Amino acid sequence: MAGKTVTRADLSEAVYQRVGLSRTESAALVETVLSEICGCLSSGETVKLSSFGSFVVRDKGKRVGRNPKTGVEVAIEPRRVMVFKPSNVLKARINGEAAPEDDDS
């Protein structure tokens with residue numbers, strides 16, 4: 001299931017072709033949006049993009065892990081992780097189904 005990876009350049013090109021901004025302005029717009037999302041996530045906020053999904057930062061506590069090769073137990077320090085929860089609209093679109101009318105995800 002090898003697919004194409006969409007890059008910042010691809011997103012900038014799409015904005016350039018569809019919106020009509022210059023290539024420089026399109027790249028700056030994409031960079032600004034991504035920077036704003038990163039900033040919000042860094043400060044622990046949830047980022048919700050309607051009909052797309054939500055990016056949520058969660059705290060994982062300290063736990064004991066195990067090296068699968070040696071079986072040695074290792075302490076895993078607490079950390080923050082980012083989780084993406086797709087909306088019902090996105091899930092339906094990926095599966096080729098009709099999109100639900102109302103979506104709060």
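Guide: Happy to. Keep in mind that this is a predicted model. Let's begin with the largest nonpolar core, made up of five residues: Ile-37, Cys-40, Leu-41, Val-47 and Phe-55.

Visitor: What is the general idea behind looking for a core like that?

Guide: In soluble globular proteins, nonpolar side chains tend to be buried together. Here, helix H2 gives the largest share of the core, three residues.

Visitor: And how do I look for empty space?

Guide: Rolling a probe the size of a water molecule over the atoms shows where empty space is left. In this model, the largest pocket holds about 280 Å³ of space.

Visitor: Which residues line the largest pocket?

Guide: The lining consists of Val-33, Leu-34, Ile-37, Cys-38, Leu-41, Leu-49, Phe-52, Phe-55 and Met-82. Look back at the core and you'll meet some of these names again: Ile-37, Leu-41 and Phe-55 belong to the core and also line the pocket.

Visitor: Let's turn to charged side chains. How many salt bridges does the structure hold?

Guide: There are five. To read one, look for a side-chain nitrogen of Lys or Arg within 4 Å of a carboxyl oxygen of Asp or Glu. Take Arg-8 and Glu-31: their closest N and O atoms are 2.6 Å apart, so the pair counts as a salt bridge.

Visitor: Why does that pair tie together parts that are 23 residues apart in sequence?

Guide: Because Arg-8 sits in helix H1 and Glu-31 in helix H2, which spans residues 23-42. As for accessibility, Arg-8 is partly exposed at 45% relative accessible area, and Glu-31 is partly exposed at 39%.

Visitor: Can you show me another one?

Guide: Arg-23 and Glu-13 meet through their side chains in a salt bridge, 3.1 Å from N to O. Arg-23 belongs to H2 and Glu-13 to H1, so this pair ties together parts ten residues apart in sequence. Arg-23 is partly exposed, with 48% relative accessibility, and Glu-13 is partly exposed as well, at 25%.

Visitor: What about Glu-73 and Arg-66: what do their side chains form?

Guide: They meet in a salt bridge, with 2.6 Å from N to O. Exposed means over 50% relative accessible area. Glu-73 is exposed at 51%, and Arg-66 is exposed at 55%.

Visitor: Now a single residue. Is Ser-12 buried or exposed?

Guide: The cut-off for buried is under 20%. Ser-12 has a relative accessible area of 12%, so this residue is buried. Ser-12 lies in helix H1, which covers residues 8-19.

Visitor: Which residues is Ser-12 in contact with, leaving aside its neighbours within four places in sequence?

Guide: Those would be Ser-26, Ala-27 and Val-30.

Visitor: Could we finish with Ala-92? Where does it lie?

Guide: Ala-92 is in helix H3, residues 88-94. With a relative accessible area of 5%, Ala-92 is buried. Once neighbours within four places in sequence are set aside, Ala-92 is in contact with Glu-97, Ala-98, Ala-99 and Pro-100.

Visitor: And how are Ala-92 and Ile-37 placed relative to each other?

Guide: Along the chain they are 55 residues apart, and 24 Å separates their C-alpha atoms.

Notes
Residues numbered from 1 in each chain as written. Predicted model: local features only at pLDDT ≥ 70, side-chain atom pairs only at ≥ 80, totals over all residues. Heavy atoms only, no water. Helix = DSSP H or I, 4+ residues; strand = E, 2+ residues; numbered from the N terminus. Buried < 20%, exposed > 50% of the residue type's maximum accessible area, 1.4 Å probe, protein only. Contact = heavy atoms within 4.5 Å. Core = buried A, V, L, I, M, F, W, Y, C linked by side-chain atoms within 4.5 Å. 1 Å grid on protein atoms, 1.4 Å probe; cavity = no way out; pocket = protein on both sides within 12 Å on 5 of 7 lines; lining within 4 Å. Points joined across faces, edges and corners; volume = space filled by probe spheres on them.
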